[in-house]
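Take a look at the protein below.

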Amino acid sequence: MRHGSKPTIRDVAETAGVSLTTVSYVLSGRSGGTTRISQATQDRVHSAVRDLGYVANRAAQGMRRGRTELVAVAVADLEQPRDRAIATALAGILPEHGYQAVVLLGGAWRQFMLSGGADGVIHTCAPETGDDSGTMAELAARGMAQVLIADDAGAGSPGVQGGYDVVLGTDSPQVLAERAVTALLARLRS
């Protein structure tokens, strides 16, 4: 390992005296297919990870797996108590289902999602601009999992145009967040 650089999976393998494949199996929690990995080998790999301070590169993992295990939470304004409460609730609920929340303010969510930054997006309020609506429609056309949390969605509302789920109501932010996660997970798993 070069001085000042972050440790790689290759460094972990060299330190533990095992193959890259073995490190991959141990860190992913897989058993190694038809080959069993001994507890002693697993312990050496975990020890090397700790000693080196190795942290997996989430972007690289996402590219290999075809998923990021991230969910974007598109929030118009964290100064709004309702939006802040929903974002906080989502940040607490999503990890229970294997996802991390990435809270994005204003229009920042559009480029993040168009570039494949997350597996899905939960919008805490109806689209504010034509750009927001257009991006939601484009993501829906791509099959991106999206959920919109709204107080009201009338007949002309973008939320009823299809391509994403709408969670309606004036329930507590916790209840709305739970319903939104349930809807998003259904889309992600379909």
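Buried residues make up 37% of the 190 residues in the protein. Buried means under 20% relative accessible area, exposed over 50%, and partly exposed in between, with a 1.4 Å probe and protein chains only. This is a predicted model: local features need pLDDT of at least 70, side-chain atom pairs count only at pLDDT 80 or more, and totals for chains, interfaces and linings use all residues. Residues are numbered from 1 along each chain as its sequence is written, and side-chain values use heavy atoms, with hydrogens and water left out.

Now the fold. The protein has eight helices and five strands. These are DSSP runs, numbered from the N terminus: helices are H or I with at least four residues, strands are E with at least two. From the N terminus on, the order is α-α-α-α-β-α-β-α-β-α-β-β-α.

Which residues of helix H1 are buried? In H1 (residues 9-16), they are Asp11, Val12, Ala13 and Ala16. They pack against helix H2 (20-28) and helix H3 (39-52). Contact here means heavy atoms within 4.5 Å. Just after H1, Gly17 takes a positive phi of about 70°.
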